[in-house]
Amino acid sequence: MKKLSGIFLAIVLTLSCFVIGAGCGDGGYQGYIDSEGVAHVVFMGRDEDNEKLNYKRIVDKFNASQNSIKVKLEWFTDSSGYNVMLDGLGKNLPDCLMLSNAMFLRYVSAGKLYDFKSFIIEEELSSLYTEGYSAYCYDPATGKLGISDNAGMYGLPKDMGPFALCYNVNMLTDCVEAYNKANTDKIDLERVTSTTNPMTFTEFITLGKKLKPILNTLKNSDGNIKYKDSFVCSAYDLQSAVYSNNANFFTDDNAEELAIDSDNFAGAVSFIQQLYKEGILPSAGKSSTGAETLFTSGRAMFFYTGPWKMKTFWESVEGFEWDIVPVLCGDAEGSVSTSYVGGMGLCISANSTVKNQALTFLKYVALDVGAQRDLYGNGQCIPNLTELAEEFSTNSQNLLKKQQPLHRGVWVDCVNGTSETDKVGGKYRAEAYTYSETWFTDLSEFMSGNTGEVSSFWKADNSGKWTDVAAALKAKKPDFQRQFEAVRNQFVNKSSGK
């Protein structure tokens with residue numbers, strides 16, 4: 001018993017150091033200036049190991065160029081654990097940190113982040129995509145996000161992560177050729193793979209219904225099924241579908257009222273339901289293989305992905321060529337292909353004692369041409385700097401480790417601003433406009449049939465009946481709105497001192 005108590009005490013002490021940070025070991029996650037005047041800055045990030053290698057290289061290059069600043073990289077491969085850990089640190093955050101834009105409003109409204117607007121010059125801002133940094137501007141007086149005269153600047157873009165529809169070039173080409181050989185209503189492959197005039201929801205469903213039987217019967221020269229146990233599409237992104245159907249999760253970007261009962265919102269969700277009905281997507285809950293793995297292993301024709309996955313796909317995709325096109329355009333009037341845009345900010349702790357040095361480092365990561373070329377060349381991101389967009393799209397500097405996807409410029413089109421004639425755009429994920437992500441989790445659980453009174457939207461019930469999407473959303477909207485307001489008011493009142 002004493003032995004178990006000792007083990008328990010050791011665990012508690014370890015977690016205390018992990019969560020509190022300062023005061024444990026070599027000073028935890030807060031930097032300092034040593035006796036020789038060198039500023040030691042802690043930079044914390046998270047994601048896969050190959051991303052860690054990319055940022056370690058950036059840190060090493062920065063450190064080699066500096067005499068009075070030294071940056072220490074702290075890395076976490078568990079994204080969810082990283083976010084929980086940051087929450088547990090309270091205001092004792094590391095000097096520099098990668099922060100999901102879905103967490104930004106909660107952190108900035110709580111006074112955890114440093115406003116460095118007065119140390120950013122116009123020339124630096126003009127080198128970035130406006131949407132790249134506007135997400136990290138915040139006015140404490142109004143509690144609103146976005147650029148304004150009174151808004152501070154609390155982050156620089158680590159990256160902008162728009163989704164695109166990726167596809168297996170070999171599989172698509174084979175199946176289209178086989179279909180066209182046997183049928184008179186030919187599939188226009190150029191239309192399917194257009195990078196400037198995206199397919200519509202209806203066109204994609206029609207395509208999927210044509211290719212599904214071909215996919216399951218096409219044979220090699222030896223008589224065996226060529227693409228055994230494969231799918232037309234392994235998954236489709238809900239938020240991209242909503243945005244691309246001229247719909248939103250809220251009535252406006254102040255995110256005070258949910259708009260999940262609108263006709264266009266229901267139309268987007270119904271589109272995904274139709275993908276399940278037609279067997280274009282794997283049956284909900286029946287595939288033991290993840291959607292990304294189905295694609296990278298050559299068992300799905302379509303999937304969706306962002307630029308940060310380039311490095312992963314370069315390592316995991318073998319035996320076929322892959323490329324990207326814009327996400328599908330909705331059928332509702334006024335619809336434009338509008339990609340979900342993820343992304344993270346590079347932020348500075350309000351309690352850091354080395355803020356100026358931390359900002360010097362963040363500017364290097366986000367604004368330095370050499371650093372941005374290093375990152376995009378190693379499959380990390382599309383470059384933050386607008387001047388590098390063309391060279392990224394064409395690989396004119398021969399910096400990319402691999403050429404795929406050939407039409408990587410689609411990702412740039414998603415974030416470079418939408419004109420009246422442009423048919424491709426992007427919008428930050430819905431959670432980026434709110435204080436908490438729980439509402440989206442609750443909505444997803446409701447649609448999956450895990451909560452509430454209706455069956456899953458994504459499969460028929462035991463009697464073979466499918467949920468009426470529009471009716472279910474309209475009926476549930478009042479409950480969701482009450483829950484949403486209650487959570488939102490907790491943060492609003494807390495940030496205003498009520």
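## A word before we start

A crossing of two helices is called right-handed if the near helix is turned clockwise from the far one by less than a right angle, and left-handed if the turn is anticlockwise. With that term in hand, let us look at this structure, which is a predicted model.

Helix 2 (residues 49–65) passes helix 14 (residues 355–367) in a right-handed crossing. Their axes come within 11 Å and cross at roughly 125°, so the two helices are oblique to each other.

Which residues make the contact? From helix 2 come Y55, I58, V59, K61 and F62, while helix 14 brings T360, F361, Y364 and V365.

Elsewhere you will find an open sheet of four strands, arranged in the order 10-11-9-12 with mixed pairing. Strand 10 (231–233) and strand 12 (322–325) form the edges, each pairing on one side only. On average, neighbouring strands are turned by 30° against each other, direction ignored.

Strand 10 pairs with strand 11 (residues 300–305) in the parallel sense, over two bridges. In one of these pairings, C233 has F302 of strand 11 as its bridge partner.

## Helices packed on the sheet

Helix 7 (residues 169–182) packs on the sheet and touches strand 9 (164–168), strand 11 and strand 12. The direction of helix 7 makes about 70° with that of strand 9.

Helix 9 (residues 201–215) packs on the sheet too, touching strand 9, strand 10 and strand 11. Here the direction of helix 9 makes about 160° with that of strand 10.

Key
Residues are numbered from 1 along each chain as its sequence is written. This is a predicted model: local features need pLDDT of at least 70, side-chain atom pairs count only at pLDDT 80 or more; totals for chains, interfaces and linings use all residues. Side-chain values use heavy atoms; hydrogens and water are left out. Axes are lines fitted to C-alpha atoms, for helices over the stretch in contact, and angles run from 0 to 180 degrees between N-to-C directions. Angles under 35 degrees count as roughly parallel, over 145 as roughly antiparallel, 65 to 115 as roughly perpendicular and the rest as oblique. Contact means heavy atoms within 4.5 Å. Two strands pair if DSSP finds at least two bridges between them.
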